[in-house]
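User: I am new to this structure and would like to go through it slowly. Could you take my questions in turn?

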Amino acid sequence: MIGRDGAGSRSTGSAARATLFGLVGIVGTSAFGWALALEPISPRPVTGRQTLQRPGVATPPAFREDAWHLPDEPLLGFVEIPAGAFLMGSDPSVDPMAFETEQWAPGQTRGTLEVPTFYIGRYEVTVAQFEAFVEDTGFAVDPRTLTGAADYPVAFVSWPDALAYARWLESRLRDWPDTPAELSRRLAQGWRVSLPSEAEWEKAARGTDGRIFPWGNAPGRDRANYARAGRASVGSLRCVECAHGLSDMSGNVWEWTRSPYQPYPYDETDDRENLEEDALWVMRGGGYNDTEQNARAAVRGAADPGVRREFIGFRLALTSF
Ligand SMILES: [Ca+2]
Ligand SMILES: [Ca+2]
């Protein structure tokens, strides 16, 4: 577990960093030389509630006040992603916007990866959900973390903040008599509420057909909050075509994963080896202020685990790792 703050010292110019060329990178200090594609000088404050409801589509999601503001669904917003293989990474002949960091190996553009069954949140974790955690535990947060509308994705959360929320919710769900039986069964089997791995995230976002965006191969600003001014209520852009019926996998906020950034081919068995003190952690999906290139399902963002930005949040996974 890395819990240090992103405002600490960093050296620059290491060989490891040179391999990150082409990665969408966000780090905690300005003394850092590579690929800072996304760092706005001063994030725009949220001044009102922005919803992006598409006409003629389903009503926005409902949340349960009696269940820590989790989605009012049979599995409290967890969506099962069945076991099986998917195509991970990008082939530039299919996706001309692909970054080099998305290529599997020299001479092999995409990889086929088997992923066991897991569950992922239909929505990004909201301000109200995170506030329930803070109120219950007294967890110390950045004053900006609880700003924004209740159903906005929570932002200004570091990677340790996100993990702390996941662990708290897991303990609540283990103890709660009304936890849905399917979730209780998984927890009793030793499954954990956590962040998705990078592979779990990408499989959930793009399904098994190698599509570029969660809904298909063409950009679609009517389906995702990108190239806009700020956060929007989770699920306010319903995307019926999106893989697994998930919302905001593209855009709104970047989402922390539990994977350290390592070059492809992806292999989670070595995630805990050779972790440098200043390892970066993968985040996925792009944010509200990104271009369509960063809203693609295969884009690999990375950030210092201590940074807090308005365009970085997370969603949960329930997984057997
Ligand atoms: Ca997102
Ligand atoms: Ca790895």
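**The loop at G190**

User: Where is G190 found, and is this residue buried or exposed?

Analyst: G190 is found in the loop between α4 (181-188) and β8 (192-194), where helices (H or I, at least four residues) and strands (E, at least two) are DSSP runs numbered from the N terminus. This is a predicted model, in which local features need pLDDT of at least 70, side-chain atom pairs count only at pLDDT 80 or more, and totals for chains, interfaces and linings use all residues. Residues are numbered from 1 along each chain as its sequence is written, and chains are lettered from A and ligands numbered from 1 in the order in which they are written. Because G190 has 8 other C-beta atoms within 10 Å, and a residue with C-beta atoms placed from the backbone counts as buried at 20 or more such neighbours, exposed at 12 or fewer, and partly exposed in between, G190 is exposed.

User: What separation do the C-alpha atoms of G190 and S320 have?

Analyst: G190 and S320 lie 130 residues apart along the chain. In the model, the separation of their C-alpha atoms is 6.8 Å.

User: How many residues of strand β9 are buried?

Analyst: Strand β9 spans residues 254-260 and is mostly covered. On one side W254, W256, R258 and P260 are buried, and on the other E255, T257 and S259 are buried too. The number of buried residues in β9 is 7 of 7.
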